[in-house]
Amino acid sequence: MHLYNAWLPSPIAEETKKETESFSCVVKSVKQSLCSNDPESVYSTIKWIPVIDLFIKAKSQVSLDDVVDLVEFGLRLFHQSQDKLYAQVRWGNIIVRLLNKFRKKLSLKIQWHPLYDSLLQTHFTRNTGP
């Protein structure tokens with residue numbers, strides 16, 4: 001339990017213990033909102049980013065397995081949405097926030113080459129228009 005939650009009245013503090021389950025449900029919902037055969041379904045996952053952000057700001061106790069699943073899923077979305085800059089920026093920001101918050105607790109291996117390819121695609125080959 002976080003220090004902030006220890007100051008809460010006991011009935012409310014008991015309810016905060018359900019945050020782990022709630023975060024797990026959010027991760028499942030994010031994964032279900034992406035259709036593998038529809039490239040535009042990346043935009044349907046963006047509505048969950050503010051909810052994830054609330055869990056980060058609220059200093060909620062969440063399962064590290066769910067955080068790892070969400071980061072890996074977010075990276076996969078980031079790489080799949082090469083031509084959708086808005087989705088890339090939103091998912092990139094939330095991935096960075098998750099990695100910053102849980103950096104000492106996570107054990108992840110992130111391949112550098114897909115990130116390098118995304119950098120090249122975004123800044124050197126994408127047509128930015130007039």
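So, which helix holds both Asp-53 and Lys-57, and how many residues apart are they? They both lie in helix H5, residues 49–57, four residues apart, about one turn of the helix. Helices here are DSSP runs of H or I, at least four residues, numbered from the N terminus.

Quick housekeeping. This is a predicted model, where local features need pLDDT of at least 70, side-chain atom pairs count only at pLDDT 80 or more, and totals for chains, interfaces and linings use all residues. Residues are numbered from 1 along each chain as its sequence is written, and side-chain values use heavy atoms, with hydrogens and water left out.

Back to that pair. Asp-53 and Lys-57 form a salt bridge, with the closest N and O atoms 3.3 Å apart. By salt bridge I mean a side-chain nitrogen of Lys or Arg within 4 Å of a carboxyl oxygen of Asp or Glu. Asp-53 is buried at 16% relative accessible area, while Lys-57 is exposed at 55% (buried is under 20%, exposed over 50%, partly exposed in between, with a 1.4 Å probe and protein chains only).

Asp-53 also has a salt bridge with Arg-97, at 1.9 Å between the closest N and O atoms. That one links distant parts of the chain: Arg-97 sits in helix H7, residues 85–101, and is 44 residues from Asp-53.

The count is five salt bridges. Another of them joins Asp-83 to Lys-84 at 3.1 Å, N to O, and shared partners bring Glu-40 into one network with those two.

And disulfides, meaning cysteine sulfur pairs within 2.5 Å? Zero in the whole structure. The sulfur of Cys-25 is 19 Å from the closest one, in Cys-35, so that's too far for a bond.

Note on methods. A disulfide is a pair of cysteine sulfur atoms within 2.5 Å. Helices (H or I, at least four residues) and strands (E, at least two) are DSSP runs, numbered from the N terminus.
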